[in-house]
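Visitor: I would like to go through this structure with you, step by step. Could you show it to me, please?

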Amino acid sequence: PSLLESIDDLSRPQIDVLLSRAKHFKDHPEIAPFSSTPKPIIATSFLENSTRTKHSFAVAIRRLGGLYLDFNAETSSLKKGESLEETFLTLFYQGVNLCVFRTSVSHQLSEFRQSPPIKLVNGGDGINEHPSQALLDLYTLIHLANGDLNGKTISIIGDNIHSRVGHSLIKLLPKFGMKVILSGPKDYLPDPKTLPAQVEISTNRNETVLKSDFIYLLRIQKERHAGAANAHYDNYLENYGVSLELLKSLNKLIPVLHPGPANIGVELDQALIKSSLYKGYLQVENSIPMRMAIIEAMLLNNDQNVGIINGEKF
Ligand code: CP
């Protein structure tokens with residue numbers, strides 16, 4: 001696609017190609033497909049803070065052999081009132097081929113669905129979606145499951161209603177046969193009627209953990225809270241979070257994923273994050289090959305030439 005805003009923008013065969021190319025890039029760190037000239041120019045434009053997404057795209061771009069442009073929204077003419085469309089068109093005419101964009105506004109890229117001014121990857125938009133994070137999480141889960149996620153259960157525990165990665169994961173993981181249980185305080189859980197068939201809800205953390213093969217923890221996204229979800233939860237770690245001691249007491253020493261940033265002492269404890277069960281750093285490591293695969297696939301498609309990788313069109 002020219003716009004990767006949502007997991008819905010990818011077909012299952014396209015996702016399979018991204019997984020296979022990510023593995024290829026991970027296994028062959030010497031490969032840099034953009035190293036011959038002219039090198040593509042790829043920008044990141046982050047209107048919200050980021051440590052993982054922005055810098056892993058920057059590393060992925062350099063690993064591919066592309067040129068990286070760090071577009072600073074704070075010092076740009078966006079601050080003079082220029083529209084996003086004019087901003088993207090300006091980058092396009094400067095020769096930028098693709099822009100990774102993060103915003104606090106959900107669905108902000110949807111206005112470009114019919115004709116994107118430049119190729120765009122959603123680097124997280126408000127509470128809507130974070131597709132590249134979900135794809136690297138899928139890649140990590142497949143590795144942890146030795147290749148087959150079919151029939152496995154993952155519990156996504158925490159602030160589910162405000163989590164853009166959670167929203168991408170519940171679209172993505174069932175495509176690979178996974179059952180998903182969303183858990184957390186009831187104010188942080190969506191209306192079950194809005195969920196896909198393979199996704200259920202539970203407010204009982206221990207029961208949820210006992211049914212799971214994997215745990216995926218979410219940060220409480222205070223910056224996105226309003227109304228009921230603004231409720232303060234005392235002793236969150238004891239009542240809703242996951243500690244190493246809890247997993248030992250339930251005899252469930254299973255992998256724990258987290259998209260980061262993690263709030264130690266809230267959704268998990270220091271002993272868990274320092275244990276071998278914690279896979280957050282593996283997710284960060286895997287973010288580079290998966291984001292290389294995403295950029296490669298999107299840049300192969302241009303007006304004259306639909307890109308084909310491993311027989312699949314992009
Ligand atoms: N996972 C994630 O999006 O982290 P950053 O906010 O640090 O990019």
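Guide: The C-alpha centres of domain 1 and domain 2 lie 26 Å apart. This is a predicted model, in which local features need pLDDT of at least 70 and side-chain atom pairs count only at pLDDT 80 or more, while totals for chains, interfaces and linings use all residues. Residues are numbered from 1 along each chain as its sequence is written.

Visitor: Which residues belong to domain 1 and domain 2?

Guide: Domain 1 consists of 3-130 + 284-306, and domain 2 covers 131-282. Such bounds come from an automatic or database domain assignment. The contact between them takes 28 residues from domain 1 and 23 residues from domain 2; two residues are in contact if their C-beta atoms, placed from the backbone, lie within 7 Å.

Visitor: And which elements give two or more residues to the side of domain 1 that touches domain 2?

Guide: They are helix H1 (12-27), H2, S5 and H10. Helices (H or I, at least four residues) and strands (E, at least two) are DSSP runs, numbered from the N terminus. H10 provides the largest share of that side, seven residues. By residue type, the side of domain 1 that touches domain 2 has ten nonpolar, eleven polar and seven charged residues. Here Ala, Val, Leu, Ile, Met, Phe, Trp, Tyr, Cys and Pro count as nonpolar, Asp, Glu, Lys and Arg as charged, and the others, Gly among them, as polar.

Visitor: Let us stay with H10. Is Ile294 buried or exposed?

Guide: Ile294, found in helix H10 (residues 280-300), counts as buried because it has 25 C-beta neighbours inside 10 Å. The rule is that a residue is buried if 20 or more other C-beta atoms lie within 10 Å of its own, exposed if 12 or fewer, and partly exposed in between, with C-beta atoms placed from the backbone.

Visitor: What is Ile294 in contact with?

Guide: Leaving aside neighbours within four places in sequence, the contacts of Ile294 are Leu4, Leu18, Val121, Ser132 and Leu135.

Visitor: New topic: which residues surround the ligand?

Guide: Ser50, Thr51, Arg52, Thr53, Gly124, His130, Gln133, Pro259, Gly260 and Pro261 surround it; a residue is near a molecule if its C-beta atom, placed from the backbone, lies within 6 Å of it. This shell has two nonpolar, seven polar and one charged residue. Domain 1 and domain 2 each supply at least three residues to the shell.

Visitor: What about the peptide bond that joins Gly260 and Pro261?

Guide: That bond is cis, with omega about -5 degrees. Pro261 is in the loop between strand S10 (256-257) and helix H9 (270-273). Another cis bond runs from Thr37 to Pro38, with omega near -5 degrees, and Pro38 sits in the loop between H1 and S2. For context, most residues other than glycine have a negative phi, and most peptide bonds are trans.

Visitor: Where is Asn146, and what is its phi?

Guide: Asn146 is in the loop between helix H4 (131-144) and strand S6 (153-157). Its phi is positive, about 55 degrees, although Asn146 is not a glycine. Asn146 counts as exposed because it has 7 C-beta neighbours inside 10 Å.

Visitor: Now the sheets. What is the order of strands in the one with S1?

Guide: That open sheet of five strands has the order S1-S5-S4-S2-S3, with parallel pairing. Strand S1 (3-4) and strand S3 (67-71) stand at the edges with a single partner each, so one side of each has no neighbour in the sheet. Two strands pair if DSSP finds at least two bridges between them. S1 and strand S5 (residues 119-125) are joined by two bridges, and Leu3 has Leu120 in S5 as its bridge partner.

Visitor: And the order of the sheet with S6?

Guide: It is S8-S7-S6-S9-S10, an open sheet of five strands with parallel pairing. Strand S8 (199-202) and S10 are at the edges, each with a single partner strand, so one side of each is left without a neighbour in the sheet. Five bridges join S6 to strand S7 (residues 179-183); in S7, Val180 is the bridge partner of Ile154, and Leu182 stands opposite Ile156. Four of the five residues of S6 are buried, so S6 is largely enclosed by the rest of the structure.
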